[in-house]
Amino acid sequence: MCAATITESQVRESLKAVNDPEIGRSLVDLDMVGPIEIGAGNAVSATIHLPTPAYPRRERISQAIQAVLSAKIPGIGHVDVKFDAHVKGKQSGGAIGLRAQNVIAVGSGKGGVGKSTVAASLAVGLQLCGARVGLMDADIYGPSIPHLLGVSGPGHRPEIAEEQGPDGKAVRRIQPIDAEGLKVMSIGFLVGPDEPIIVRGPILHGTIRQFLAETAWGELDYLIIDLPPGTGDIALTLSQLLGLAGAVVVCTPQQLALLDAVKAINMFRKVKIPVLGLVENMSGDIFGRGGAKQKAAEMHVPFLGEIPIDAQIRVNGDAGRIRDLFAESCPSRGHLMNICEQTAIQIARTLLETPAMPTLEML
Ligand SMILES: Nc1ncnc2c1ncn2[C@@H]1O[C@H](COP(=O)(O)OP(=O)(O)OP(=O)(O)O)[C@@H](O)[C@H]1O
Ligand SMILES: [Mg+2]
């Protein structure tokens, strides 16, 4: 006797019972179920649309689907789950001509805690996952992104090229520097390493706007912005120009640095930039460990993970080889990748849970 042929709608109906393990809602409600094919022997092939290519441990989804389908549909054959990723976002840069789904600022209340290292690692990690990524250095006074990615010095000067604008007219755009597929823009490309950068407030605002609006970023899934230490000047400027996906706040485990993290969280809240979460950098023997996780819980912000203090991170940063920290053999890889995944998932989660935040009115 042959088993009855199962149908696509039967499979779709059954998938309503499978929850996304990260977001906690049905795959069907989240619009994550793509094409379903039924083959010989009632074999099922289902494609799942992930909200980010940096989705952590996707095999949990295949396992849940296989378990639910075999329990609900008698006679079902082999179940194959395929994945693709569609990064969604606020796409809020439209008004200034920036086509980035999600803009992520990396900040802290204190200098030297590893913002630039984390920003560069987020960009490289998300790119390695398969996302289209840009990295913008908003540290106008002390740009370090070109150095971290090994694209500093002569030979890395952005060119100006003419492109066709949306209305068909020619527009001049700054070509970002390509760091192995990562699009990078920094004032560091435009001034010599020993030249002081003297910029007044209004020009600062204009420079940031120009970097966002006049750089040929193309279409991006994520644009990562490395903020300077200290005041909220640049954060305010960003918030006035576009609706950010949110800010990643970096701190070290010391009490003093944690107080600064609280200040940074409050600053972002004031300028209406959602806080995606806290990263504890340089965890380990010297500074202690775990303080940021506790502080994150107290402040009701997600904890995005920790990065142990590791001389290799400093050595690679100094040598312009942040990318090598993602080598399979590198002990930091897992920690850095975890932060990329948690950040990307947090964005997907907030997008589904909260309506868009308005951009600030220009003061
Ligand atoms: N987990 C880590 N282990 C060891 N060294 C680290 C770690 N994270 C960052 N560093 C080192 O600490 C120094 C400061 O890092 P980084 O420049 O990223 O900080 P920052 O917060 O951007 O600083 P600034 O406020 O000056 O912009 C660098 O030399 C970097 O290589
Ligand atoms: Mg920095």
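Analyst: Happy to! The part to look at is an open sheet of 8 strands with mixed pairing, in the order β8-β9-β5-β10-β4-β11-β12-β13. Strands (E, at least two residues) and helices (H or I, at least four) are DSSP runs numbered from the N terminus, and two strands pair if DSSP finds at least two bridges between them. At the edges stand β8 (177-179) and β13 (303-308); each has a single partner strand, so one side of each is left without a neighbour in the sheet. On average, neighbouring strands are turned by 25 degrees against each other, direction ignored. Such angles run from 0 to 180 degrees between N-to-C directions, with axes fitted to C-alpha atoms, for helices over the stretch in contact.

This is a predicted model: local features need pLDDT of at least 70, side-chain atom pairs count only at pLDDT 80 or more, and totals for chains, interfaces and linings use all residues. Residues are numbered from 1 along each chain as its sequence is written, while chains are lettered from A and ligands numbered from 1 in the order in which they are written.

Strand β12 (residues 275-283) pairs with β13 in the parallel sense over 5 bridges, and L278 stands opposite F303 in β13. Across β11 (246-251), β12 and β13 lies helix α8 (residues 291-299), running at about 160 degrees to β12. Contact here means that the C-beta atoms of two residues, placed from the backbone, lie within 7 Å.
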